[in-house]
Amino acid sequence: MSKILVVDGQGGGVGRQLISAIKATMPNAQITAVGTNSIATQAMLKAGADEAATGENALIVACRRAKYILGPIGIVIADSLMGEISPKMAAAVGQSEAMRILVPSNRCGSYIVGLQEQNIALLVEKAVQALKESTAY
């Protein structure tokens with residue numbers, strides 16, 4: 001079983017949607033959720049994460065164990081998500097050997113040129129499709 005890590009901060013909305021969509025299309029997927037705060041973590045647990053943790057060290061450890069990492073693009077940018085992503089967290093995600101599937105957004109304190117505004121639900125659907133195509137599910 002592939003180790004899927006979903007990371008989110010703030011209110012956990014993107015992570016919640018990712019986990020719900022993964023569980024809907026791959027019901028046997030084992031998902032670990034790591035929130036930058038307890039609100040994000042709780043939102044992802046409610047969405048169906050199999051296990052969850054909160055904070056910097058939890059993220060660093062989970063990145064070492066993951067085969068796939070999903071979340072908003074801000075998880076690889078230090079100080080994004082209203083400052084919730086520390087430099088160590090961004091480095092852990094960026095240096096992980098896991099495949100990263102990132103949901104693009106211009107709301108992370110960075111502007112991605114060429115990114116057309118799209119509904120988050122559509123972007124989540126595309127992210128889950130990329131995960132499904134990359135795994136043996």
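**Ground rules.** I number residues from 1 along each chain as its sequence is written, and I use heavy atoms for side-chain values, with hydrogens and water left out. Because the model is predicted, local features need pLDDT of at least 70 and side-chain atom pairs count only at pLDDT 80 or more, while totals for chains, interfaces and linings use all residues. Helices (H or I, at least four residues) and strands (E, at least two) are DSSP runs, numbered from the N terminus.

**Entry 1: H3 and H5.** I looked up how helix H3 (residues 56-65) sits against helix H5 (residues 87-95). The two pack at an angle of about 10°, with their axes 9 Å apart. That makes H3 roughly parallel to H5. For the record, axes are lines fitted to C-alpha atoms, for helices over the stretch in contact, and angles run from 0 to 180 degrees between N-to-C directions. Angles under 35 degrees count as roughly parallel, over 145 as roughly antiparallel, 65 to 115 as roughly perpendicular and the rest as oblique.

I then listed the residues in contact (heavy atoms within 4.5 Å). From H3 they are Glu 56, Leu 59, Ile 60 and Cys 63, and from H5 they are Lys 88, Met 89, Ala 92 and Val 93. By class I get six nonpolar, two charged and no polar residues. Here Ala, Val, Leu, Ile, Met, Phe, Trp, Tyr, Cys and Pro count as nonpolar, Asp, Glu, Lys and Arg as charged, and the others, Gly among them, as polar.

**Entry 2: buried side of H3.** Which residues of H3 are buried? I find Leu 59, Val 61, Ala 62 and Cys 63. Buried means under 20% relative accessible area, exposed over 50%, partly exposed in between (1.4 Å probe, protein chains only). The buried residues of H3 pack against S1, S2, strand S4 (68-72) and H5.

**Entry 3: second largest pocket.** I note a volume of about 270 Å³ for the second largest pocket. Of its 18 lining residues, Lys 3, Thr 32, Glu 51, Ala 62 and Arg 65 are the closest to the centre. Strand S1 (3-8), strand S2 (30-35), strand S3 (51-54) and H3 each give two or more residues to the lining, with the largest share, five residues, from S2. The lining has 11 nonpolar, three polar and four charged residues.

On method, a pocket is an open set of points on a 1 Å grid over the protein atoms alone, where a 1.4 Å probe fits, with protein on both sides within 12 Å along at least five of seven lines; lining residues have an atom within 4 Å of a point. Grid points are joined across faces, edges and corners, and the volume is the space filled by probe spheres set on them.

**Entry 4: Gly 35.** I placed Gly 35 in strand S2. At 0% relative accessibility, Gly 35 counts as buried. Its C-alpha atom is 4.9 Å from that of Thr 54, 19 residues apart along the chain. Leaving aside neighbours within four places in sequence, Gly 35 is in contact with Asp 8, Ala 40, Thr 41, Met 44, Ala 53, Thr 54 and Gly 55.

**Entry 5: positive phi.** Most residues other than glycine have a negative phi. I noted Asp 79, with phi near 70°, in the loop between S4 and helix H4 (80-83). Met 82, with phi near 60°, is in helix H4. Asp 79 counts as exposed at 54% relative accessibility, and Met 82 counts as exposed at 73%.
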